[in-house]
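Student: I'd like a close look at the charged pairs in this model. Take them one at a time, with the cut-offs.

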Amino acid sequence: MSRLEHRFAELKAEGRAALVTFITAGDPGYDASLAILKGLPKAGADVIELGMPFTDPMADGVAIQLATLRALEAGQTLAKTLQMVRDFRLDDQTTPIVLMGYYNPIHRFGVERFIGEAREAGVDGLIIVDLPPEHDAELADPAHDAGIDFIRLTTPTTDDARLPRVLARSSGFVYYVSVAGVTGAGSATTDQVTQAIERLRRHTDLPISVGFGIRTAEQAAAIARLADGVVVGSALIDKVAQAPSAEQAVKDVLALCADLSQGVRQARTR
């Protein structure tokens, strides 16, 4: 059983959803980013998505675009992102880490080298937003062969005819993007999310995590009553952008994570 499978099974037994947090590797700098990464589990994160900075983050809104620029300007590279996972694993062998980003940096790095180093570093899953299932041989198949989950995005526009193809090689969990648009743009209603989850469950037994537009503990709790996981990214990234120093950024991100975690953990007890 992979770390992701174990974590979601563990939380299902506890009767609650997972808090899935996203941060950009290297934002606002390597040391502060690593401090955030290491602090997230204690602050209540159950699964961590770690963004791989790329110069053309086409699926992301302004907040994550700016985080990517800050990370790149601070010298973050794919090699440093993998090293960040190694540094994290020195103290934490249980929290699942999913690398999220775009295919171009991986292609430039070399797929075989990337998969090998990711597995050695302790990466549990990949979300590659611009690589459709028609190109599974490029990365999804090698990832599966190495024991790394390949997590698919589904959206309100992914219809029933398309879903089986999208989900065929998906593992770990399914990431449901609740709005049509870029990260941080708007949010879906509870009824819309309920209907979407019901439809997805007709196609897969994998845990379903819902993201895009979730910013507060109250919003996280509402989704946690419906889904297996709640994904929060832009709200955490905004804390980095707004902080007057790297040290304050670490404190502010972890404080918001703790608040979100409380919302998620109490969602099904009220």
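What is the relative accessible area of R113, and is the residue buried, exposed or partly exposed?

Tutor: R113 is partly exposed, at 44% relative accessible area. Buried means under 20%, exposed over 50%, and partly exposed in between (1.4 Å probe, protein chains only). This is a predicted model: local features need pLDDT of at least 70, side-chain atom pairs count only at pLDDT 80 or more, and totals for chains, interfaces and linings use all residues. Residues are numbered from 1 along each chain as its sequence is written, and side-chain values use heavy atoms, leaving out hydrogens and water.

Now the partner. R113 forms a salt bridge with E117 at 3.1 Å, N to O. A salt bridge here is a side-chain nitrogen of Lys or Arg within 4 Å of a carboxyl oxygen of Asp or Glu. E117 is partly exposed too, with a relative accessible area of 22%. Both residues sit in helix α6, 4 residues apart, about one turn of the helix. Helices are DSSP runs (H or I, at least four residues), as are strands (E, at least two), numbered from the N terminus.

The side chains of R89 and D124 meet in a salt bridge at 2.7 Å, N to O. R89 belongs to helix α4 (residues 78–89) and D124 to the loop between α6 (111–121) and β4 (125–128), so this pair ties together parts 35 residues apart in sequence. D124 and R89 are both buried. R89 also bridges to D92, at 4.0 Å, N to O. D92 is buried as well. R3, R89, D92 and D124 are linked in a network of salt bridges. The structure holds 19 salt bridges.
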